[in-house]
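Here is a short briefing on one protein chain. Look through the model, then read the points below it.

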Amino acid sequence: MKIGFIGLGNMGLPMALNLCKKGFSIMVCSSKKESQNRILEAGGQAAESFCTMAEECDVVISIVPADLEIRQLYMGEKSLISAARQGLICIDMTSAMGATKKEIALYIEQSGKNIKFIDAPVSGGVSGAEGGTLTIMAGGEKNVVEDCLPIFQAMGKRIVYTGEVGSASNVKMINQMLNAANTAVAAEALCLSRRLGVDDEILSQVVNESSGGSYVFEKNVPKYMMTGNHQPGFRLKLMKKDVELYLETAKKMKEFTLIPQLVYQIYAAAENQGNGDLNYTCIYEWFKQNQPVLEKERLD
(Lines give C-alpha, C1' and ligand atoms only; values in the text may rest on other atoms or scores of the structure.)
Protein backbone atom coordinates (compact mmCIF):
# COMPACT_ATOMS: atom_id res chain seq x y z
CA MET A 1 0.00 0.00 0.00
CA LYS A 2 1.06 3.56 -0.70
CA ILE A 3 -0.03 5.77 2.19
CA GLY A 4 -0.31 9.55 2.19
CA PHE A 5 0.19 10.96 5.68
CA ILE A 6 -1.12 14.43 6.56
CA GLY A 7 -0.16 16.03 9.88
CA LEU A 8 3.44 15.62 11.06
CA GLY A 9 2.95 17.09 14.51
CA ASN A 10 3.97 15.70 17.90
CA MET A 11 1.73 12.65 17.38
CA GLY A 12 1.71 12.35 13.60
CA LEU A 13 5.46 12.34 13.01
CA PRO A 14 6.27 9.29 15.18
CA MET A 15 3.19 7.50 13.83
CA ALA A 16 4.36 8.08 10.25
CA LEU A 17 7.89 6.97 11.16
CA ASN A 18 6.52 3.72 12.57
CA LEU A 19 4.72 3.09 9.27
CA CYS A 20 8.04 3.62 7.48
CA LYS A 21 9.74 1.15 9.83
CA LYS A 22 7.09 -1.45 9.02
CA GLY A 23 7.84 -1.14 5.31
CA PHE A 24 4.91 0.94 4.12
CA SER A 25 5.47 3.38 1.27
CA ILE A 26 4.77 6.78 2.82
CA MET A 27 4.09 10.04 0.99
CA VAL A 28 4.09 13.38 2.84
CA CYS A 29 3.54 17.06 2.15
CA SER A 30 4.22 19.29 5.15
CA SER A 31 5.10 22.89 5.95
CA LYS A 32 7.21 21.44 8.77
CA LYS A 33 10.27 20.77 6.62
CA GLU A 34 12.33 19.30 9.46
CA SER A 35 9.60 16.72 10.13
CA GLN A 36 9.15 16.03 6.42
CA ASN A 37 12.89 15.46 6.03
CA ARG A 38 12.80 12.86 8.80
CA ILE A 39 10.20 10.92 6.80
CA LEU A 40 12.26 11.24 3.62
CA GLU A 41 15.33 9.98 5.48
CA ALA A 42 13.27 7.00 6.63
CA GLY A 43 12.44 6.12 3.02
CA GLY A 44 9.32 8.20 2.40
CA GLN A 45 8.49 10.39 -0.59
CA ALA A 46 7.49 14.05 -0.88
CA ALA A 47 4.20 14.96 -2.58
CA GLU A 48 3.46 18.25 -4.31
CA SER A 49 0.15 18.62 -2.50
CA PHE A 50 -2.51 16.79 -0.51
CA CYS A 51 -4.46 16.43 -3.75
CA THR A 52 -1.50 14.56 -5.25
CA MET A 53 -1.74 12.09 -2.37
CA ALA A 54 -5.46 11.61 -3.02
CA GLU A 55 -4.73 10.93 -6.69
CA GLU A 56 -1.80 8.53 -6.21
CA CYS A 57 -2.19 6.76 -2.85
CA ASP A 58 -4.23 3.76 -1.75
CA VAL A 59 -4.82 5.25 1.70
CA VAL A 60 -4.63 8.78 3.10
CA ILE A 61 -4.21 9.23 6.87
CA SER A 62 -4.90 12.60 8.49
CA ILE A 63 -4.23 13.77 12.04
CA VAL A 64 -4.73 17.54 12.22
CA PRO A 65 -5.50 19.96 15.09
CA ALA A 66 -9.31 19.98 15.21
CA ASP A 67 -12.71 19.99 13.49
CA LEU A 68 -12.10 23.13 11.44
CA GLU A 69 -8.98 21.66 9.84
CA ILE A 70 -10.56 18.32 8.93
CA ARG A 71 -13.58 20.06 7.41
CA GLN A 72 -11.26 22.16 5.26
CA LEU A 73 -9.17 19.12 4.35
CA TYR A 74 -12.06 16.90 3.28
CA MET A 75 -14.78 19.36 2.24
CA GLY A 76 -13.08 22.70 1.48
CA GLU A 77 -11.89 24.17 -1.78
CA LYS A 78 -9.39 21.79 -3.46
CA SER A 79 -10.33 19.13 -0.92
CA LEU A 80 -9.02 15.58 -0.77
CA ILE A 81 -12.40 14.30 -1.92
CA SER A 82 -12.49 16.50 -5.04
CA ALA A 83 -9.12 15.07 -6.13
CA ALA A 84 -9.49 11.52 -4.82
CA ARG A 85 -9.22 8.54 -7.10
CA GLN A 86 -11.83 5.79 -6.99
CA GLY A 87 -11.17 3.24 -4.26
CA LEU A 88 -9.26 5.58 -1.95
CA ILE A 89 -9.50 4.86 1.79
CA CYS A 90 -9.37 7.91 4.06
CA ILE A 91 -8.48 7.40 7.73
CA ASP A 92 -8.92 10.44 9.96
CA MET A 93 -7.18 10.11 13.33
CA THR A 94 -7.91 13.65 14.58
CA SER A 95 -9.51 14.16 17.99
CA ALA A 96 -12.73 15.81 16.86
CA MET A 97 -16.49 15.64 17.33
CA GLY A 98 -18.21 12.47 16.21
CA ALA A 99 -20.77 14.67 14.46
CA THR A 100 -18.00 16.20 12.35
CA LYS A 101 -16.77 12.78 11.26
CA LYS A 102 -20.35 11.80 10.33
CA GLU A 103 -20.68 15.02 8.32
CA ILE A 104 -17.55 14.14 6.35
CA ALA A 105 -18.76 10.57 5.75
CA LEU A 106 -22.08 11.91 4.44
CA TYR A 107 -20.27 14.41 2.20
CA ILE A 108 -18.20 11.57 0.71
CA GLU A 109 -21.31 9.46 0.17
CA GLN A 110 -23.07 12.33 -1.62
CA SER A 111 -20.02 12.88 -3.85
CA GLY A 112 -20.89 9.63 -5.60
CA LYS A 113 -17.26 8.47 -5.51
CA ASN A 114 -16.15 5.06 -4.32
CA ILE A 115 -14.22 6.39 -1.33
CA LYS A 116 -14.22 4.80 2.13
CA PHE A 117 -13.85 6.81 5.33
CA ILE A 118 -12.68 5.54 8.73
CA ASP A 119 -12.93 7.51 11.95
CA ALA A 120 -9.89 6.44 14.01
CA PRO A 121 -8.72 8.68 16.88
CA VAL A 122 -5.95 7.47 19.17
CA SER A 123 -5.08 7.37 22.86
CA GLY A 124 -1.67 6.96 24.45
CA GLY A 125 0.06 10.30 24.01
CA VAL A 126 3.42 11.03 22.41
CA SER A 127 5.11 8.13 24.20
CA GLY A 128 2.53 5.74 22.75
CA ALA A 129 2.98 7.24 19.29
CA GLU A 130 6.76 6.86 19.52
CA GLY A 131 6.60 3.32 20.87
CA GLY A 132 3.88 2.13 18.50
CA THR A 133 1.69 1.22 21.49
CA LEU A 134 -1.30 3.50 20.89
CA THR A 135 -4.87 2.43 21.48
CA ILE A 136 -6.70 3.08 18.21
CA MET A 137 -10.48 3.32 18.14
CA ALA A 138 -11.87 2.71 14.66
CA GLY A 139 -15.36 3.37 13.35
CA GLY A 140 -16.62 2.71 9.83
CA GLU A 141 -17.48 -0.21 7.59
CA LYS A 142 -16.16 -3.23 9.47
CA ASN A 143 -14.63 -4.96 6.45
CA VAL A 144 -12.76 -1.75 5.50
CA VAL A 145 -11.44 -1.40 9.06
CA GLU A 146 -10.31 -5.04 8.96
CA ASP A 147 -8.51 -4.44 5.65
CA CYS A 148 -6.60 -1.60 7.33
CA LEU A 149 -5.55 -3.60 10.41
CA PRO A 150 -1.91 -3.94 9.25
CA ILE A 151 -1.73 -0.14 9.08
CA PHE A 152 -3.24 0.30 12.53
CA GLN A 153 -1.03 -2.42 14.00
CA ALA A 154 2.07 -0.59 12.77
CA MET A 155 1.09 2.37 14.96
CA GLY A 156 -0.82 0.84 17.85
CA LYS A 157 -0.96 -2.06 20.25
CA ARG A 158 -4.70 -2.24 20.79
CA ILE A 159 -7.22 -1.74 17.99
CA VAL A 160 -10.87 -1.43 19.04
CA TYR A 161 -13.70 -1.51 16.50
CA THR A 162 -16.41 0.85 17.78
CA GLY A 163 -19.13 0.69 15.10
CA GLU A 164 -20.22 3.36 12.64
CA VAL A 165 -18.30 6.49 11.69
CA GLY A 166 -18.42 8.95 14.61
CA SER A 167 -18.58 6.30 17.32
CA ALA A 168 -14.80 6.15 17.71
CA SER A 169 -14.51 9.90 18.18
CA ASN A 170 -17.35 9.82 20.70
CA VAL A 171 -15.57 7.13 22.73
CA LYS A 172 -12.30 9.10 22.59
CA MET A 173 -14.08 12.30 23.65
CA ILE A 174 -15.69 10.68 26.69
CA ASN A 175 -12.39 9.07 27.71
CA GLN A 176 -10.62 12.43 27.47
CA MET A 177 -13.18 14.18 29.65
CA LEU A 178 -12.84 11.44 32.28
CA ASN A 179 -9.04 11.76 32.11
CA ALA A 180 -9.26 15.55 32.50
CA ALA A 181 -11.68 15.29 35.43
CA ASN A 182 -9.65 12.57 37.17
CA THR A 183 -6.52 14.68 36.78
CA ALA A 184 -8.21 17.74 38.29
CA VAL A 185 -9.46 15.76 41.30
CA ALA A 186 -6.04 14.14 41.81
CA ALA A 187 -4.29 17.53 41.63
CA GLU A 188 -6.57 19.05 44.23
CA ALA A 189 -6.23 16.03 46.51
CA LEU A 190 -2.42 16.11 46.28
CA CYS A 191 -2.41 19.79 47.24
CA LEU A 192 -4.35 19.07 50.43
CA SER A 193 -2.29 15.98 51.19
CA ARG A 194 0.97 17.92 51.04
CA ARG A 195 -0.40 20.79 53.12
CA LEU A 196 -1.36 18.21 55.75
CA GLY A 197 2.20 16.86 55.69
CA VAL A 198 1.28 13.41 54.34
CA ASP A 199 4.21 11.54 52.79
CA ASP A 200 3.82 11.24 48.99
CA GLU A 201 4.89 7.59 48.88
CA ILE A 202 2.50 6.59 51.66
CA LEU A 203 -0.35 8.43 49.95
CA SER A 204 0.40 6.69 46.64
CA GLN A 205 0.63 3.27 48.25
CA VAL A 206 -2.69 3.56 50.07
CA VAL A 207 -4.66 5.26 47.26
CA ASN A 208 -3.45 2.89 44.55
CA GLU A 209 -4.45 -0.14 46.62
CA SER A 210 -7.82 1.32 47.62
CA SER A 211 -11.09 2.50 46.12
CA GLY A 212 -9.74 6.00 45.38
CA GLY A 213 -7.13 4.66 42.96
CA SER A 214 -7.08 5.36 39.22
CA TYR A 215 -4.79 5.24 36.20
CA VAL A 216 -4.15 8.95 36.71
CA PHE A 217 -3.13 8.54 40.36
CA GLU A 218 -1.00 5.49 39.64
CA LYS A 219 0.82 6.79 36.55
CA ASN A 220 0.59 10.56 36.19
CA VAL A 221 0.57 11.82 39.77
CA PRO A 222 4.05 10.40 40.62
CA LYS A 223 5.50 11.03 37.15
CA TYR A 224 4.39 14.64 36.75
CA MET A 225 2.70 16.20 39.77
CA MET A 226 4.96 14.87 42.52
CA THR A 227 8.12 15.68 40.55
CA GLY A 228 6.95 19.05 39.20
CA ASN A 229 8.04 18.02 35.69
CA HIS A 230 5.26 18.99 33.30
CA GLN A 231 7.06 18.70 29.97
CA PRO A 232 4.67 17.31 27.34
CA GLY A 233 3.39 14.67 26.89
CA PHE A 234 -0.04 15.88 26.01
CA ARG A 235 -0.37 19.64 26.04
CA LEU A 236 -2.83 21.36 28.34
CA LYS A 237 -4.37 23.38 25.50
CA LEU A 238 -5.23 20.15 23.67
CA MET A 239 -6.85 18.64 26.76
CA LYS A 240 -8.90 21.81 27.17
CA LYS A 241 -9.97 21.47 23.54
CA ASP A 242 -11.07 17.87 24.14
CA VAL A 243 -13.16 18.87 27.18
CA GLU A 244 -14.70 21.60 25.04
CA LEU A 245 -15.65 18.98 22.44
CA TYR A 246 -17.45 17.07 25.21
CA LEU A 247 -19.34 20.20 26.27
CA GLU A 248 -20.35 21.07 22.70
CA THR A 249 -21.61 17.55 22.11
CA ALA A 250 -23.44 17.42 25.43
CA LYS A 251 -25.10 20.75 24.69
CA LYS A 252 -26.48 19.39 21.44
CA MET A 253 -27.84 16.39 23.35
CA LYS A 254 -29.27 18.66 26.10
CA GLU A 255 -27.09 16.79 28.60
CA PHE A 256 -26.49 18.02 32.18
CA THR A 257 -22.80 19.00 32.44
CA LEU A 258 -22.08 20.39 35.92
CA ILE A 259 -18.74 18.59 36.45
CA PRO A 260 -17.39 18.99 32.86
CA GLN A 261 -18.16 22.73 33.02
CA LEU A 262 -16.07 23.06 36.18
CA VAL A 263 -13.27 20.94 34.70
CA TYR A 264 -13.19 23.14 31.60
CA GLN A 265 -12.92 26.30 33.72
CA ILE A 266 -9.92 24.83 35.59
CA TYR A 267 -8.05 24.03 32.37
CA ALA A 268 -8.96 27.40 30.87
CA ALA A 269 -7.65 29.20 33.97
CA ALA A 270 -4.38 27.26 33.85
CA GLU A 271 -3.98 28.02 30.15
CA ASN A 272 -4.64 31.70 30.79
CA GLN A 273 -1.54 31.69 33.03
CA GLY A 274 0.52 30.80 29.95
CA ASN A 275 0.70 27.04 30.55
CA GLY A 276 -1.01 25.85 27.37
CA ASP A 277 2.09 24.13 25.96
CA LEU A 278 2.96 22.28 29.19
CA ASN A 279 1.67 18.81 30.00
CA TYR A 280 -1.94 18.98 31.14
CA THR A 281 -0.90 17.76 34.61
CA CYS A 282 0.41 21.29 35.24
CA ILE A 283 -3.07 22.14 36.56
CA TYR A 284 -1.58 20.86 39.84
CA GLU A 285 0.59 23.99 39.88
CA TRP A 286 -2.51 26.12 39.32
CA PHE A 287 -4.22 24.50 42.32
CA LYS A 288 -1.10 24.97 44.44
CA GLN A 289 -0.69 28.65 43.50
CA ASN A 290 -4.32 29.43 44.25
CA GLN A 291 -4.55 27.93 47.73
CA PRO A 292 -5.23 30.52 50.44
CA VAL A 293 -2.28 31.02 52.78
CA LEU A 294 -2.98 29.77 56.32
CA GLU A 295 -1.81 31.68 59.39
CA LYS A 296 0.55 28.80 60.29
CA GLU A 297 2.14 29.01 56.83
CA ARG A 298 2.63 32.76 57.18
CA LEU A 299 4.52 32.19 60.44
CA ASP A 300 6.62 29.43 58.84
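Met225 touches Thr183, Ala186, Ala187, Leu190, Arg194, Asn220, His230, Thr281 and Tyr284, leaving out residues up to four places away in sequence. Contact here means heavy atoms within 4.5 Å. This is a predicted model, in which local features need pLDDT of at least 70, side-chain atom pairs count only at pLDDT 80 or more, and totals for chains, interfaces and linings use all residues. Residues are numbered from 1 along each chain as its sequence is written, and side-chain values use heavy atoms, with hydrogens and water left out.

**Nonpolar cores**

- A nonpolar core is a set of buried Ala, Val, Leu, Ile, Met, Phe, Trp, Tyr and Cys residues joined through side-chain atoms within 4.5 Å.
- Buried means under 20% relative accessible area, exposed over 50%, and partly exposed in between (1.4 Å probe, protein chains only).
- The largest core has 37 residues. Those touching the most other members are Leu190, Val221, Met225, Leu236, Tyr267, Ile283 and Phe287.
- Helix 10 (167–195), helix 11 (200–208), helix 12 (215–225), helix 13 (236–252), helix 14 (258–275) and helix 15 (283–289) each give this core at least two residues.
- Helix 10 supplies the largest share, nine residues.
- A second, separate core has 35 residues, including Ile26, Ala120, Leu134 and Phe152.
- In soluble globular proteins, nonpolar side chains tend to be buried together.

- Asn179 lies in helix 10.
- Asn179 has a relative accessible area of 18%, so this residue is buried.
- Setting aside neighbours within four places in sequence, Asn179 contacts Val216, Met239 and Tyr280.

**Two packed helices**

- The axes of helix 4 (residues 67–75) and helix 6 (residues 98–111) come within 10 Å and cross at roughly 5 degrees.
- Axes are lines fitted to C-alpha atoms, for helices over the stretch in contact, and angles run from 0 to 180 degrees between N-to-C directions.
- Helix 4 and helix 6 are therefore roughly parallel. Angles under 35 degrees count as roughly parallel, over 145 as roughly antiparallel, 65 to 115 as roughly perpendicular and the rest as oblique.
- Asp67, Ile70, Arg71, Tyr74 and Met75 of helix 4 meet Thr100, Lys101, Glu103, Ile104 and Tyr107 of helix 6.

**The whole chain**

- The protein chain has 16 helices and nine strands. Helices (H or I, at least four residues) and strands (E, at least two) are DSSP runs, numbered from the N terminus.
- Of its 300 residues, 50% count as buried.
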